[in-house]
Amino acid sequence: RRRRAAAALPPRRRRATMATMETTDAPQMIEHKHQALTFTPYETRWVPCSARFVCAGISPKAKGVLQVYELKAGKMEVVAERTYGSGFKCGTFGASSLSERSIATGDYAGGLQIFDLERLEAPTFAVPKAHSLIINAVDGVGGLGIGGGAPELATGSRDGCVRVWDPRVKDAVVSLEPVEGQPVRDCWCVAFGNSVGDERCVAAGYDNGDVKLFDLRTNTMRWETNASNGVTCVEFDRKDIEMNKLAVTTLESRFRVFDMRTQHAEEGFAHVSEKAHKATVWLARHLPQNRDVWMTGGGNGGFNLYTYHYPPKRQMQGKDDCPVGVPGTVELLNSRVISTQPIVSFDWSPDKEGLAVLACLDQTLRVYICTKLEKY
C-alpha cells in the first residue's frame, strides 16, 4: 500500500520526500571503545605513527596521572602508567621528533616537562617553575616534520604570561607578560601558526575574550581582538602553511572562524560566527587530512562536525581602497551527544583518517571512528 501511495505522488513531491530521507550521506560517528577512569582526564593525544595514545590528568589526591594506551586486536589496553607530584592540565607531541615521540606536559604547579614514553620514571626535560601558576595550555611546533625552524613549545598560564621554550635550554626564549599595573588576565589557550621559513606566530586566548596574535620573528603583537566571552580554544587549521584560518571557541555556546589571509588595518581579519552546543564550546580540532573539516566539543557532552566553504572571492576592496577579507560559511555535517559532562579533550589520529580519541569530565575515555570524511 505504501509503494502504491508513493507511486501516486507527483514526480516533484516524490523526489522531495526521498531527499529528506537520505541521512546516510552524512558522516557517521561510531563509538569503538569506552573506558572508565579513576582520575579526571584533561588531555588525550595520539602517539604519532602508532596505534597508541596518551591520556593525562589529575587524581583525587591532586597527583598527576600519565597513561599510555594501545589499540590491539580490537581491545584498548594500558601499556604504561605513572603517577607524578602535580596534576597534568595539557600536553602535546608538537615539538618532538618522529624518532623520539616525547610528550610535553604542563601541570597545576606551573611546571613544564617532557617525557620519553619508553622511560616514564622521570622527565627528560623539566622546568619546575615555568610559570608561577597553573599552565592551562601548551602547544608545539617544529617537530614531527611539521613547520619550519627549530622545535619550540608555547605555554599559557593563569599568571597571564605566554612563554615560548626551546627544549634544548631551560630558560624561556620569549616571554609575553602583562603590562605592569594592568589587571592580569588568565591565559586559557595558545596555538602556533604561520610556521613557514623563518616566520612563526603564536595565538593566545584569554578569560576576558581577548585574542592576541604575536609575531615571533619581529617580536611584536600583530593583531588583537575581543570575542566578547572567555576564549577556551584557539587553533590554526594548519601550523606549517601561511596563515589560512583560525578557529576560536568561547563560553556562551559560540565559536568563530577567522580568515587569516587578508588583514585590514582597522577591521582586522574577517570572520564567521556560529552558535553551537547550547553550552560552552570547549575546543575545536581540525582534521589533519583535511583542513576544512573540524570537530568542536561542548559543555553539553556533545561534539559537532563542521566543514568550511570558501567564498567565491576571499577579499574585496574596502571603503579606503584597501583589501578586506570576505568570510566563508560553516556547514554542520553531524552532531552527537555522548555524555552529561563536557568534552574537554579531543584528538584526531594523524595517521588514520577519522579515528579520534576524546575524554569527558565524567571520567571516561572514548575512541571514535568518523566515516565518510573523504567526501569533504
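Strands, like helices, are DSSP runs numbered from the N terminus, a strand (E) having at least two residues and a helix (H or I) at least four. Glutamate 43 has its place in one of these elements, strand β2, which covers residues 40-46.

The model is a predicted one, in which local features need pLDDT of at least 70 and side-chain atom pairs count only at pLDDT 80 or more, while totals for chains, interfaces and linings use all residues. Residues are numbered from 1 along each chain as its sequence is written, and side-chain values use heavy atoms, with hydrogens and water left out.

Glutamate 43 counts as buried because its relative accessible area is 8%, where buried means under 20%, exposed over 50% and partly exposed in between, with a 1.4 Å probe and protein chains only. The side chain of glutamate 43 makes a polar contact with the side chain of serine 345 at 3.3 Å; such a contact is a pair of N or O atoms within 3.5 Å, and within protein one must be able to donate a hydrogen and the other to accept it, with residues adjacent in sequence counting only if both atoms are side-chain atoms.

Asparagine 136 lies in strand β10, residues 135-141, and is buried, with a relative accessible area of 11%. Its side chain reaches the backbone oxygen of cysteine 187 at 2.8 Å.

Glutamate 267, by contrast, sits in the loop between β20 (254-264) and β21 (268-275), and glutamate 267 is exposed, since its relative accessible area is 57%.

Lysine 372 belongs to the segment after β30 (364-370) and is partly exposed at 24% relative accessible area. Although lysine 372 and glutamine 28 are 344 residues apart in sequence, they are 7.3 Å apart in space, C-alpha to C-alpha.
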